[in-house]
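Good morning. I will go through one structure today, strands and helices in turn. Please look at the display before I start.

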Amino acid sequence: MHELSIAQSVIRSVLEEMERRRLSSVKKIHLRIGPWSGVMADAVQFNFTVLCVDTPLRDVRLIIEEPPPQGQCTQCSHTFPIQAMSLVCPQCGCESVRLQGGDELEIAFLETGE
Ligand SMILES: [Zn+2]
């Protein structure tokens with residue numbers, strides 16, 4: 001039920017944000033979920049839709065972005081998006097790569113109608 005509580009906390013945060021910024025409506029919520037966060041985007045989307053029915057967010061679209069993780073080479077500091085599971089620096093061929101990102105779970109931004 002991990003995704004259910006994530007959907008609940010997204011709704012709570014957005015409602016708080018609307019209150020704080022005195023927004024009457026929000027059109028879209030952009031949520032960022034990294035591929036290694038262990039969170040299933042589809043399940044968050046589904047729970048969000050179900051939970052929103054009785055809230056001011058029922059017409060809001062939840063847009064889930066899944067940013068690709070990045071790797072940084074420890075030898076030449078080259079930063080590159082990681083494809084598949086190959087952890088080799090494309091610039092120098094070094095196999096010592098530090099992973100960056102991929103475990104994000106955050107509200108990126110809200111689109112309002114104004
Ligand atoms: Zn390198």
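Which residue of β6 does Ile 33 stand opposite? Ile 33 stands opposite Leu 105. Before I go on, this is a predicted model: local features need pLDDT of at least 70, side-chain atom pairs count only at pLDDT 80 or more, and totals for chains, interfaces and linings use all residues. Residues are numbered from 1 along each chain as its sequence is written.

Some terms. Helices (H or I, at least four residues) and strands (E, at least two) are DSSP runs, numbered from the N terminus. Two strands pair if DSSP finds at least two bridges between them. In general, strands of a sheet pair through backbone hydrogen bonds, either parallel or antiparallel.

Now the sheet that holds Leu 105's strand. Three strands form an open sheet in the order β2-β1-β6, and the pairing is mixed. Its edge strands, β2 and β6 (105-112), each pair on one side only. Between β1 and β6 there are seven bridges, in the antiparallel sense. Strand β1, residues 26-33, runs parallel to strand β2, residues 61-65, and five bridges join them. On that side, His 30 stands opposite Ile 63 in β2.

What do β1, helix α2 and β2 make together? They make a right-handed β-α-β unit, with α2 covering residues 41-52. Right-handed here says that, with the strands pointing away from the viewer, the path from the first strand over the helix to the second runs clockwise. Helix α2 also packs on the sheet, where it touches β1 and β2, and its direction makes about 170° with that of β2. Such angles run from 0 to 180 degrees between N-to-C directions, and the axes are lines fitted to C-alpha atoms, for helices over the stretch in contact. Contact between two residues needs their C-beta atoms, placed from the backbone, to lie within 7 Å.

Next, the two helices. The axes of helix α1 (residues 2-21) and α2 come within 8 Å and cross at roughly 55°. That makes α1 oblique to α2, since angles under 35 degrees count as roughly parallel, over 145 as roughly antiparallel, 65 to 115 as roughly perpendicular and the rest as oblique. The residues in contact include Leu 4 and Ile 11 of α1 and Val 44 and Phe 48 of α2.

Last, the other sheet. It is open, has three strands in the order β4-β3-β5, and its pairing is antiparallel. The edge strands β4 (79-81) and β5 (97-100) each pair on one side only. Strand β3, residues 70-73, pairs with β4 over three bridges. Within that pairing, Gly 71 has Phe 80 of β4 as its bridge partner.
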